Amino acid sequence: MPSAQRLSDVVATQLENRILEGSLKPGDRLPSERELAVDLGVSRPSLRGALQSLVAKGLLITRHGGGTFVTDSMQAAFTDPWQQMLKDHPDIHGDMLEFRHMLEGQAAQLAAERGTEEDFERIRACHEALEIAFAAQDLEQCIKTDVEFHQAIAEASHNALIGHLSSSLHKVMEGHVQSNLEYLTARPELWAQLRAQHHAIWDAVRERRMDVAQRAAHHHLEFVRQTMRETMKNEERRSAATRRLSATA
């Protein structure tokens with residue numbers, strides 16, 4: 001029979017796995033101690049030891065009278081420095097998009113290979129929500145549902161690193177995603193292409209055509225790269241025009 005300390009280590013590992021696989025996400029509140037102990041089939045002292053261990057690692061935080069929550073420490077360790085880097089060094093945007101090109105292509109391929117029916121149901125729901133947002137040209141909902149769609153595919157890859165890096169990368173680039181979608185909403189022909197690209201990715205994933213899914217994701221990211229480059233040029237032109245007006249005022 002394992003000791004209480006040994007059992008708490010086992011429970012801590014189980015909870016870590018839930019965080020890694022994405023079933024426990026940053027900001028999620030854990031069930032009550034009693035409910036969680038029953039769910040995991042352990043005593044409350046063993047559970048407390050596991051929770052204390054994860055708090056010490058920075059994966060959980062306990063708020064007095066408010067419960068225990070999953071932190072964003074894994075994501076923040078990536079996003080905080082890179083958000084500042086992108087702000088200070090705009091020339092590395094291309095590098096970030098190249099990385100996203102590799103990551104999302106692999107994610108789509110693995111999702112087509114490994115995705116479960118539950119994964120596909122989640123991706124389908126995300127795609128339907130994205131289609132509604134596209135049709136309404138609701139920019140705020142487009143950003144939200146676009147991220148959710150790509151994240152659902154990343155998590156369907158059943159690769160913990162892909163899931164977490166995808167989430168972090170979208171957070172790093174959220175400002176540029178918004179600027180890019182604003183640019184595309186004013187160009188109906190490009191907006192239609194964007195919708196078709198998401199549909200192509202979803203079709204290939206659900207039909208388990210791995211290579212086609214990867215190519216569809218790569219095609220989409222190349223489109224994003226080109227339009228984002230044009231968006232940045234437009235922003236530079238507007239800034240230059242503003243400076244000229246200020247100089248003549």
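In the predicted model, the largest pocket has a volume of about 800 Å³. Its lining is made up of 35 residues, and those closest to the pocket centre are Gln 75, Gln 151, Glu 155, Gly 163 and Ser 167. By residue class, the lining of this pocket comprises 14 nonpolar, 12 polar and nine charged residues.

Several helices contribute to the lining of the largest pocket. At least two residues each are supplied by α1 (4–21), α4 (73–88), α6 (117–136), α7 (139–156) and α8 (160–172). Helix α8 provides the largest share, with nine residues.

The position of the pocket can be described in terms of the domains. The protein is divided into domain 1, covering residues 7–70, and domain 2, covering residues 75–248. The centres of the two domains, taken over C-alpha atoms, are separated by 32 Å. Because domain 1 and domain 2 both give residues to the lining of the largest pocket, the pocket lies between them.

A pair of strands was also examined. Strand β1 spans residues 60–63 and strand β2 spans residues 67–70; the two run antiparallel and are joined by four bridges. Within this pairing, Thr 62 is placed opposite Thr 68 of β2. The strands form a hairpin with three residues between them, and in this hairpin Gly 65 adopts a positive phi near 75°.

Key. Residues are numbered from 1 along each chain as its sequence is written. This is a predicted model: local features need pLDDT of at least 70, side-chain atom pairs count only at pLDDT 80 or more; totals for chains, interfaces and linings use all residues. Side-chain values use heavy atoms; hydrogens and water are left out. Domain bounds come from an automatic or database domain assignment. Two strands pair if DSSP finds at least two bridges between them. On a 1 Å grid over the protein atoms alone, a cavity is a set of points where a 1.4 Å probe fits but cannot get out, and a pocket is an open set with protein on both sides within 12 Å along at least five of seven lines; lining residues have an atom within 4 Å of a point. Grid points are joined across faces, edges and corners, and a volume is the space filled by probe spheres set on the points. Ala, Val, Leu, Ile, Met, Phe, Trp, Tyr, Cys and Pro count as nonpolar, Asp, Glu, Lys and Arg as charged, and the others, Gly among them, as polar.
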